[in-house]
Amino acid sequence: MGRKLLTEHINVEGIDTFEIYRKHGGYRSVEKALKTMTPDEVVEEVKKSGLRGRGGAGFPTGMKWSFLAKPEGVPRYLVCNADESEPGTFKDRQLMSKLPHLLVEGMITSSYALGANTSYIYIRGELLYVLRILEKAIAEAYAAGFLGKNILGSGYDLDLHVHPGGGAYICGEETALLESLEGKRGNPRNKPPFPAVQGLYARPTVVNNVESIAAVPVIVNDGGEEYAKIGVGRSTGTKLFSACGHLNKPGIYEIELGLPVEEFIYSDEYCGGIWKGRDLKAVVAGGSSVPILPKELILKTAAGEPRLMSYESLSDGGFVTGTMLGSGGFIAMDETTCIVRNTWSFSRFYHHESCGQCSPCREGTGWLEKVLHRLEHGHGHMEDIDLLVSVAKQIEGNTICPLGEAAAWPVAAAVRHFRDEFEWHVTHAKEAAQPGAVYQGVLVRA
Amino acid sequence: METTSVKPQFSEAAKAEIERICKQYPPERRKSALLPVLHIAQAEFGGWVSPEVQDLVAEVIGIKPIEVYEVSSFYTMFNLKPVGKHVLEICRTGPCMLRGSDELTAHLERITGAKVNGATSPDGLFTLKEVECLAACGFAPIVQVREKYYEQLDTPAAVDAMLTELRNQVHRPALPWEETGLPNALANN
């Protein structure tokens with residue numbers, strides 16, 4: 001059983017209240033940081049911890065913090081990205097609704113480190129009920145003197161607010177999020193300038209994922225070096241994986257990075273294997289935008305090594321035989337899953353969520369969806385398969401924000417690993433579109 | 001359905017909540033309150049935001065109406081047309097599809113008589129809207145109604161329980177700043 005740094009007390013009755021959370025050691029990091037550490041010392045500990053951004057990009061959090069511009073007399077902001085919308089990802093929702101004070105504590109300690117006196121949690125609009133839970137926790141923290149003026153007599157002031165989105169995946173991109181927080185459409189900004197220099201209201205701003213912020217208290221309490229001892233290589237600490245799809249026990253699991261993928265899928269301690277006694281066909285390991293891998297390649301790398309749940313091991317083999325850890329949205333598909341249909345569903349998502357600013361993404365995602373729709377519905381041509389690859393290539397690298405890549409990668413990977421299934425959808429168009437369709441002895445349409 | 005020509009007004013409780021929210025941002029950045037205020041407006045005025053309601057939102061925040069229109073039309077949560085008493089937002093994205101969201105959508109169409117992304121049920125109770133990932137993939141398939149998530153709707157019994165609960169709601173659940181919830185649908189929609 002691995003250590004649980006974030007979720008150890010998640011099932012404690014009343015842990016969402018200040019009193020019980022405090023009884024279980026809550027808010028110690030605020031006391032320690034504000035009373036015994038300088039802001040730079042807190043940043044230093046986060047750097048030493050090796051913590052990498054848990055939202056998907058995996059960029060070292062301490063390094064991101066150290067890029068924050070600090071011009072004299074100019075306010076700076078910390079904004080928490082709680083716009084969790086990457087298909088397959090539902091860890092932050094659980095963390096915030098069950099352990100709201102962990103995020104509030106992390107926000108206070110992190111804001112102190114960055115010298116922010118006003119901070120925001122931007123939560124996706126669909127999670128208004130979680131916003132209510134967070135606002136209650138924040139009110140409790142104010143009442144206990146952990147927020148507001150002169151926190152714990154340290155002279156440090158902080159106001160913390162929660163801001164809802166309105167339903168737009170794109171607002172998970174940090175500059176779109178900032179636009180949205182300013183009351184505008186979520187159109188990503190050109191970079192540079194980076195948010196660290198010109199972010200919210202054109203002020204220096206750090207944007208961090210919920211889970212990254214939630215890891216800060218434990219790093220401050222135990223020290224960055226202790227945190228870095230957990231995990232494997234440059235994948236330090238624990239990570240929340242949200243497991244879904246055709247698993248016996250879908251849900252949220254906090255694991256020490258480095259756990260073998262095979263153990264995660266099949267062990268009763270975690271996902272408990274594939275449902276209905278079926279075989280595993282493929283996995284999307286880090287949210288819908290990372291490349292899909294067939295069973296053989298998700299369990300073992302191309303070199304035959306066991307694949308581990310770490311940034312390095314999941315990306316071993318690049319995009320040819322590997323994938324990415326991403327957000328930790330782990331989607332398992334059983335042997336009856338139609339890969340063409342699944343890819344079409346993801347493309348429909350990206351087409352729907354493209355903000356429309358850049359032509360390659362706006363038009364390209366539409367093309368991907370349309371071509372996949374006709375392949376899936378029995379009207380495809382053999383040339384369509386290469387057309388998909390060509391459209392995906394033309395989106396990649398040609399857009400302001402990474403939504404373009406996020407839309408292109410899953411399609412390119414599906415064709416790379418399951419080309420025969422796409423071809424079969426052309427040669428057996430009528431059959432493929434019917435329930436009960438069987439390909440190579442496997443039911444591909446339940 | 002026609003919209004009323006009477007100018008809509010926020011309740012006193014909502015007005016107070018809007019002012020509380022506006023204070024969360026720097027005074028010259030009241031526009032930041034736009035999304036939270038649109039959510040309040042949708043809850044106040046029967047589950048959708050008419051052009052008149054959007055004009056009111058612009059007025060209370062102190063921005064131009066066009067600044068509201070361009071935002072309300074960008075984000076998917078704001079209904080720009082009248083809706084039934086309950087808007088059922090059905091997640092259709094990959095992970096929900098793997099656990100039966102297509103079947104759930106067909107089932108809901110059949111038993112409510114509503115058309116997904118189309119006509120409200122003949123009794124005016126249910127509007128069915130397909131949405132993208134609701135971040136609850138491990139509990140798929142999912143339907144969101146206002147602020148509540150209904151999870152694991154993979155059996156007819158689970159779906160019936162949800163619909164019964166909704167049918168029995170005279171008023172929508174109260175929001176934190178309200179003493180009681182408002183009627184689900186207002187006379188103007």
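Me: Which helix of chain B does B:Cys96 lie in?
Reply: In this predicted model, B:Cys96 belongs to helix α5 of chain B.

Me: Is B:Cys96 buried or exposed?
Reply: B:Cys96 is buried, because 30 other C-beta atoms lie within 10 Å and 20 or more are enough for that label.

Me: Which residues does B:Cys96 contact, leaving aside its neighbours within four places in sequence?
Reply: The contacts of B:Cys96 are B:Cys91, B:Ser101, B:Cys137, B:Ala140, B:Pro141 and B:Ile142.

Me: Where does B:Cys91 lie, then?
Reply: B:Cys91 is part of strand β1 of chain B, which covers residues 86–91.

Me: And is B:Cys91 buried or exposed?
Reply: B:Cys91 is buried, with 29 other C-beta atoms within 10 Å. Not counting residues up to four places away in sequence, B:Cys91 touches several residues, including B:Cys96, B:Cys133 and B:Leu134.

Me: Which residues does the UniProt "binding site" annotation cover?
Reply: The UniProt record, an unreviewed entry, places this annotation on B:Cys91, B:Cys96, B:Cys133 and B:Cys137.

Me: Why can one say that they gather at one spot?
Reply: They span 47 residues in sequence, but no two of their C-alpha atoms are more than 9.3 Å apart, so they gather at one spot.

Me: Back to β1. What is the strand order in the open sheet of chain B?
Reply: The sheet has 4 strands in the order β2-β1-β3-β4, and their pairing is mixed. At the edges of the sheet stand β2 (126–131) and β4 (148–150) of chain B. Each edge strand has a single partner, so one of its sides has no neighbour in the sheet. From one strand to the next, the twist averages 25 degrees.

Me: How many bridges join β3 to β4 in chain B?
Reply: There are 3 bridges between β3 (residues 143–145) of chain B and β4(B), and the two strands run antiparallel. As one example, B:Gln144 has B:Tyr149 in β4(B) as its bridge partner. In general, strands of a sheet pair through backbone hydrogen bonds, either parallel or antiparallel.

Me: Which helix lies across β1 and β2 of chain B?
Reply: That is helix α6 of chain B, residues 101–112, which runs at about 155 degrees to β1(B).

Me: New topic: how is chain B divided into domains?
Reply: Chain B has domain 1 (12–72) and domain 2 (86–167). Taken over C-alpha atoms, the centres of these domains of chain B are 28 Å apart.

Me: What about the domains of chain A?
Reply: Chain A is divided into domain 1 (18–229), domain 2 (233–334) and domain 3 (339–443). The centres of domain 1 and domain 3 of chain A, taken over C-alpha atoms, are separated by 36 Å. Their contact involves 10 residues from domain 1 of chain A and 9 residues from domain 3 of chain A. On the domain 1 side, there are 6 nonpolar, 3 polar and 1 charged residues.

Technical notes: Residues numbered from 1 in each chain as written. Chains lettered and ligands numbered in written order. Predicted model: local features only at pLDDT ≥ 70, side-chain atom pairs only at ≥ 80, totals over all residues. Domains from an automatic or database assignment. Contact = placed C-beta atoms within 7 Å. Nonpolar A, V, L, I, M, F, W, Y, C, P; charged D, E, K, R; others polar. UniProt positions renumbered as here; feature names shortened; annotations may be inferred. Buried ≥ 20, exposed ≤ 12 C-beta atoms within 10 Å, placed from the backbone. Pairing = 2+ DSSP bridges. Axes fitted to C-alpha atoms, helices over the stretch in contact; angles between N-to-C directions.
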